[in-house]
Amino acid sequence: MVKILKTEELAPDIKLMELEAPLITQKVKPGQFVVLRIYEEGERIPLTIADTDKEKGILKIVFQEVGKSTKLLGTLKAGDEIVDLIGPLGRATKIEKFGTVVCIGGGVGTPEIYPVAKALRQADNKVISIIGARSKNLLIMEKEMRDASDELYITTDDGTYGHKGFVTDELKRIIDRGTKIDHVLAVGPVVMMKAVSKLTQPYNIPTLVSLNPIMLDATGMCGVCRVEVGGETKFACVDGPEFDGHKVDFDLLIARQRIYLKEEKESMELFMKTHKECGHV
Ligand code: FES
């Protein structure tokens, strides 16, 4: 069993959770993820790691309540326990001195890009970060990203905070002002990562994206997380989650992410109905 030490609502339906996980925190590196199960028969939920406190053995995860399992996770409080937590999983982000690096976080992609930005800055890179959200109230981890970056730019789709528009508009502005960018890392919705990769390709700026396909075992055995990169099939859980954005077949990924939409919707509706009746949500 794994103990929940703290929970905090960062934005509507977006929560931070601190877990007691001393063994995982000793090993985890930026870009890796964990899989948790709330209860024995529960769904395995892959979640990115937002931060760690190695001394205290605390692992911080941030999640958006988008489906039944994450909604249920969101009902748990400090002192509650989940049945298990596996990790760290996936390949860590390559951290080296590239020069000028642009780190882009969209929505709940920001918690994943945060430890990466921090590590890249510690490796002597100039870190320019762009974070975006649909609206001001959904923007998260601004302070953390400001502390981890040499420059931080903010965008909101509706213009309620920062620049009105998308993270790609800001990236284009940075490119147009003549900044030599050596590396781009983008984490967020697939459409955002696709747009970032499309923008950087003509400039030949190496661009890494962190893919979030549906996962099951997260150990490379089931093949559920397969993605196509450069015409080859890769398993995001063991070969990724980061891949060359210029080679990813984003349209295939979007189609595969939608496979269970109907079932997910039905499961969520049933969950909301039963839990509203008992007052949990
Ligand atoms: S989740 Fe099963 S192979 Fe990746």
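Before you start, note that the model is predicted, with local features needing pLDDT of at least 70, side-chain atom pairs counting only at pLDDT 80 or more, and totals for chains, interfaces and linings using all residues. Residues are numbered from 1 along each chain as its sequence is written, and side-chain values use heavy atoms, with hydrogens and water left out.

**Stop 1: the second largest pocket**

Select Val-28, Pro-30, Thr-52, Lys-54 and Pro-115. Of the 13 residues lining the second largest pocket, these are the closest to its centre. The pocket has a volume of about 240 Å³. A pocket here is an open set of points on a 1 Å grid over the protein atoms alone, with protein on both sides within 12 Å along at least five of seven lines; lining residues have an atom within 4 Å of a point. The volume is the space filled by probe spheres set on the points, which are joined across faces, edges and corners.

Now colour domain 1 (2–89) and domain 2 (93–209); the bounds come from an automatic or database domain assignment. Both domains give residues to the lining, so the pocket lies between them.

Next, show β4 (45–53) and α3 (110–122), each of which supplies at least two lining residues. Helix α3 gives the most, with 4 residues. Helices (H or I, at least four residues) and strands (E, at least two) are DSSP runs, numbered from the N terminus.

**Stop 2**

The structure holds 19 salt bridges, each a side-chain nitrogen of Lys or Arg within 4 Å of a carboxyl oxygen of Asp or Glu. Select Lys-71 and Glu-65, whose closest N and O atoms are 3.2 Å apart. Are these two buried or exposed? Lys-71 is buried at 13% relative accessible area, and Glu-65 is buried too, at 9%. Buried means under 20%, exposed over 50% and partly exposed in between, with a 1.4 Å probe and protein chains only.

**Stop 3: two helices**

Move to α4 (residues 142–148), where Arg-146 and Glu-142 lie 4 residues apart, about one turn of the helix. Their closest N and O atoms are 2.8 Å apart. Arg-146 is partly exposed at 43%, as is Glu-142 at 21%.

Finish in α5 (residues 167–176), with Glu-170 and Arg-173 set 3 residues apart. The salt bridge between Glu-170 and Arg-173 has its closest N and O atoms 2.8 Å apart. Here Glu-170 is buried at 3%, whereas Arg-173 is partly exposed at 40%.

Key. 1 Å grid on protein atoms, 1.4 Å probe; cavity = no way out; pocket = protein on both sides within 12 Å on 5 of 7 lines; lining within 4 Å.
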